[in-house]
Amino acid sequence: MASDSKHIDTLLQHTGIADFDPASGAAPVGLPPVRTSTVRFQNLDALETAERRKAAGERVVAYGRMGLDTHVALEDVFKHLEQGTHCYLAPSGLSAITLAFMSLLSAGDHALVADNVYGPVHALDHAVLSRMGIELTFFAPNHDDIDTLVRPNTRVLYVESPGSLLFEMLDIPALAEKARRHGLVLVSDNTWGSGYIYKPLALGAQVSVVAGTKYVGGHSDLMLGAVVTNDAGIAQRINKTQYAMGYSISADDAWLALRGVRTLPLRMAQHARNALRVCEFLAEREEVARLYHPALPSDPGHALWRRDCTGSNGMMAAALRLPMAQARVFVDALKLFSIGYSWGGFESLVQLVSPQSLAGHRYWRGDGPAVVRLHIGLEAPEDLIEDLAQALDRARGAA
């Protein structure tokens, strides 16, 4: 019954639950973590059948690195979330990005990469891809003409929507049309939407990359990535690359992600409500020059958000009319916001964005001397607003 549902909220509650024991007729609700390194086969015929099926691209386990029941259940969850047909797990969000690039690019190839992507993509470029003879060109999707940037050896168009720091919405259907016209594979980092409130594959992308570390896990206690596609040919390339690179995640992390995703609908909605409350407060503060949050009607990407998304989350950024020294006072004065780089857990976080991180970001218009990125958690919004108010007051007094 659950697998026939068209509602993602139902699928998230019933995908990956344990089967009934045929002898006792009983079962736990949640599928236990199935850990193994060695997979046993009843006989050589069974082993050889598994190897043939694996060679044909099927999801068959011949060794523990690919995981057993718990991993399969989590792959099914990501396929439901992203509306994809194939899913490949990775040990982190960045490793999922690496898997996508390594699967789709070879020495001598070129890729166009949006300038608003997750910062470590630059490190991947400098430390690995350029050394292998793969060239990336960073561009501004909402400003640059892609037609003039495509080369004969361009193979991939890689984007993130909304962007990682300032949450710039991109027109994925328009980018997908451009990619098809030039024969490019459109890959979209969908960590912000995590498949629940935003679905790039349904909008025309061929590959979606998700850091399950964030909203899927939801509790800041696991590292996880996933690459999802609805293209059988691309899936075969990712499948071979994942196997060759030895990517694996633990059964316990897969289990934690399955547990976390059960409450994703409730958590995501509450994060979104709290974030809008905080935005409304910050919009009235004279220390705030600009807010970045696509669900906010004043955001330049709001029309795209309304067209393509079914909700929002707790991510936002604020450009402050404060010198960097006073911005540091503001961050240090916060009591309910922890200082940290990640997001998507239950807790509120703050990051003082470095000017270097914004330097190549065309969406950034120099709206203020300092930018803070906030993840609005599940605390009472009244308490978060009070905390932000006292920290802004202290920063202003530090002049």
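Val72 is partly exposed at 30% relative accessibility, where partly exposed covers the range between buried (under 20% relative accessible area) and exposed (over 50%), with a 1.4 Å probe and protein chains only. Val72 is found in helix H3; helices here are DSSP runs of H or I with at least four residues, strands are runs of E with at least two, and both are numbered from the N terminus. Between Val72 and Gly366 there are 294 residues in sequence and 46 Å in space, C-alpha to C-alpha. The model is a predicted one, in which local features need pLDDT of at least 70 and side-chain atom pairs count only at pLDDT 80 or more, while totals for chains, interfaces and linings use all residues. Residues are numbered from 1 along each chain as its sequence is written, and side-chain values use heavy atoms, with hydrogens and water left out.

The sheet comes next. Seven strands make up an open sheet with mixed pairing, in the order S1-S7-S6-S5-S4-S2-S3; two strands pair if DSSP finds at least two bridges between them. Its edge strands, S1 and S3 (135-139), each pair on one side only. On average, neighbouring strands of this sheet are turned by 20° against each other, direction ignored; axes are lines fitted to C-alpha atoms, for helices over the stretch in contact, and angles run from 0 to 180 degrees between N-to-C directions. Within the sheet, S6 and S7 are paired in the antiparallel sense over five bridges, and Ser208 stands opposite Val228 in S7. Helix H3 (residues 69-82) packs on the sheet and touches S1, S6 and S7, its direction making about 120° with that of S1; such contacts are heavy atoms within 4.5 Å. Helix H4 lies across S1, S2 (110-114), S3, S4 (154-160), S5, S6 and S7, and runs at about 155° to S6.

Which elements cover the buried residues of H9? They include helices H2 (44-55) and H4 (93-104), together with strands S1 (86-90), S5 (185-189), S6 (207-211) and S7 (225-229). The buried residues of H9 are Ile234, Ala235, Ile238, Asn239, Thr241 and Gln242. Helix H9 itself spans residues 232-245, and its 14 residues reach 20 Å from the first C-alpha to the last, close to the 20 Å expected at 1.5 Å a residue; the expected span is 1.5 Å times one less than the number of residues. At the start of H9, a side-chain oxygen of Asp231 comes to within 3.0 Å of the backbone nitrogen of Gly233. Following H9 is Gly246, with a positive phi near 75°.

Side chains of opposite charge can pair when their charged atoms come close. A search of the whole structure finds 22 salt bridges, each defined as a side-chain nitrogen of Lys or Arg within 4 Å of a carboxyl oxygen of Asp or Glu. One of them joins Lys54 and Glu51, at 3.6 Å from N to O. Both residues lie in helix H2, three residues apart, about one turn of the helix. Lys54 is partly exposed with a relative accessible area of 21%, and Glu51 is also partly exposed, at 35%. A further salt bridge links Glu75 and Arg59 at 2.8 Å, N to O. Because Glu75 lies in helix H3 and Arg59 in the loop between H2 and H3, this pair ties together parts that are 16 residues apart in sequence. Glu75 counts as buried at 9% relative accessibility, whereas Arg59 is partly exposed at 35%. In the pair of Arg285 and Glu287, the closest N and O atoms of the salt bridge are 2.9 Å apart. Arg285 counts as buried at 15% relative accessibility, and Glu287 is buried at 3%.

Where does His271 lie? His271 belongs to helix H11 (residues 264-282) and counts as buried at 0% relative accessibility. A polar atom of the His271 side chain lies 2.8 Å from the backbone oxygen of Ile376, and the backbone oxygen of Gly345 is 3.4 Å from a polar atom of that side chain. Polar contacts are pairs of N or O atoms within 3.5 Å; within protein, one must be able to donate a hydrogen and the other to accept it, and residues adjacent in sequence count only if both atoms are side-chain atoms. Not counting residues up to four places away in sequence, His271 touches Tyr215, Asn313, Gly314, Gly345, Phe346, His375, Ile376, Gly377 and Leu378.
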